[in-house]
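Have the viewer open while you read.

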Amino acid sequence: MLPSFYEFYNPVKIVSGHKALDNLPYELEQAGAKRPIIITDKGVVGAGLVDLVVSAFGSSDMTIGAIYDDVPPDSSVGVVNDIVKIYRQNKCDSIVAVGGGSPIDTAKGVNIVITEEADDLMKFMGAEMLKKPMKPLIVIPTTSGTGSEVTLVAVISNPEKNVKMAFASKHLLPKAAILDPRMTLTMPPHITAATGMDALTHSVEAYICLQKNPLSDVHAIAAINLVRKNLINAVKNGKDSEARLAMANAACMAGAAFSNSMVGIVHSLGHATGAVCHVPHGLAMSIFLPHCLEYNMSKCSENIGELLLAVAGPEEYVKTASADRAAKTVEAIRKLQRELNEICKLPMTLKDAGVPKDKLGQIARTAINDGSVTMNPVEMDFDDALGILKKAYE
């Protein structure tokens, strides 16, 4: 049944291909930019990926105004404000984000402060607080999970309050996203696995959450199919450029899906676990996904059952009775978890991820105040959150 009303919005230009990076100067030129700042992290630099980006400028008349390469895994308000100073000192006019979720979200935060001509990012926390068109932002992901290259949100830590804060606005959407498998070939197996499970979680939650719609469904299902066919190959053989390109597209489509339909309690619990115990986001998604699907089954077992076709393939879907498909979907995800654990030791429990048991209550309290709970099919209170955490612990 179609929803009585829905919106789907995503104007980000997608440039995908084995040499897509070569289009970077053209995309900047089309956006009216001549002097970008490159925002990235030490890992990306160490892998030689920034060198690839710099070489893409070739004989173009673009000038790289500055390179900031010290974005931490959990970017903070302080990092954003530091980069803003560098942007202004070097008279940059645009931003190129190279990396995973942290550099991309950091770039969006920098863009907020620059565009709003402000001195403090915190003034713009929340939804639709931005009124001005942003500076040109081109995103080049080096992981395949966050989908940040096509989302209108940024999540940035506030260390003083020990929480992750969300910024949401259509103005945060990049001008273009460049998906080039050369940028993910060096990603280690366990990060490939965790980020791939992040993309899977985005797709699954997009398909079952309250704001789902026909267009987000199409993107979500296409993304899950790509994950099923390519994640294991990408983890086993990082140099498989076809699998890498497929996973980059999966993450991108998943991002477009959840950016319109939103996500649910897998993300609430993941954000909270990241904030309290610094568990990487993709790993948290992988651990919580099956438990949260079981929790939501009372309200959306039909939708979860429909996912079996994409999650497990047509043969498994056809031979499974309709009433059993939701449980089979969860079982298929657990099977994928076990395969990833065997290949690269990706933890399957909070205990194995290093979460102290005495932190579960704090995580539960943080999770129920996370914005992602709003669109979840089942309302989650503290006791429910604590119950899921205990099941996920060991």
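S157 has K164 as its bridge partner in β8. The model is a predicted one, where local features need pLDDT of at least 70 and side-chain atom pairs count only at pLDDT 80 or more, while totals for chains, interfaces and linings use all residues. Residues are numbered from 1 along each chain as its sequence is written, and side-chain values use heavy atoms, with hydrogens and water left out.

Strands β7 and β8 make a hairpin with 4 residues between them, and N162 in the turn has a positive phi of about 60°. (Strands are DSSP runs of E, at least two residues, and helices are runs of H or I, at least four, numbered from the N terminus.) The two strands run antiparallel and are joined by 6 bridges, with β8 covering residues 163-168. Another pair to click on is A154, which stands opposite F167 in β8.

Contact here means heavy atoms within 4.5 Å, and angles run from 0 to 180 degrees between N-to-C directions, with axes being lines fitted to C-alpha atoms, for helices over the stretch in contact.

## The six-stranded sheet

There's also an open sheet of 6 strands with parallel pairing, in the order β1-β9-β6-β4-β2-β3. β1 (13-16) and β3 (66-68) are the edge strands with a single partner each, so one side of each has no neighbour in the sheet. On average, neighbouring strands are turned by 15° against each other, direction ignored.

Zooming in, β2 (residues 36-39) and β4 (residues 94-99) run parallel and are joined by 4 bridges. P36 has S94 as its bridge partner in β4. Helix α5 turns up here too, lying across β2, β4 and β6 (137-141) and running at about 165° to β4. Helix α8 packs on this sheet as well, touching β1 and β9 (176-179), and its direction makes about 155° with that of β9.

## Helix α6 against α8

α6 and α8 pack at an angle of about 35°, with their axes 8 Å apart. The crossing is left-handed, meaning that the near helix is turned anticlockwise from the far one by less than a right angle.

On the α6 side, the contact is made by T192, G196, A199, H202, S203 and A206, and on the α8 side by R244, M247, A251, A254, A257, F258 and S261. Those residues divide into 7 nonpolar, 5 polar and 1 charged. (Ala, Val, Leu, Ile, Met, Phe, Trp, Tyr, Cys and Pro count as nonpolar, Asp, Glu, Lys and Arg as charged, and the others, Gly among them, as polar.)

A cavity is a set of points on a 1 Å grid over the protein atoms alone where a 1.4 Å probe fits but cannot get out; a pocket is an open set with protein on both sides within 12 Å along at least five of seven lines, and lining residues have an atom within 4 Å of a point. Points are joined across faces, edges and corners, and a volume is the space filled by probe spheres set on them.

The largest cavity holds about 40 Å³. Its lining is S144, M187, T192, T195, G196, L231, A234, R244 and M247, of which 4 are nonpolar, 4 polar and 1 charged. α6 (189-208), α7 (214-236) and α8 (241-261) each supply at least two lining residues, with the largest share, 3 residues, coming from α6.

The second largest pocket has a volume of about 400 Å³. Of its 17 lining residues, E7, L152, Q211, S259 and N260 lie nearest its centre. The lining divides into 9 nonpolar, 4 polar and 4 charged residues.

Conventions
Pairing = 2+ DSSP bridges.
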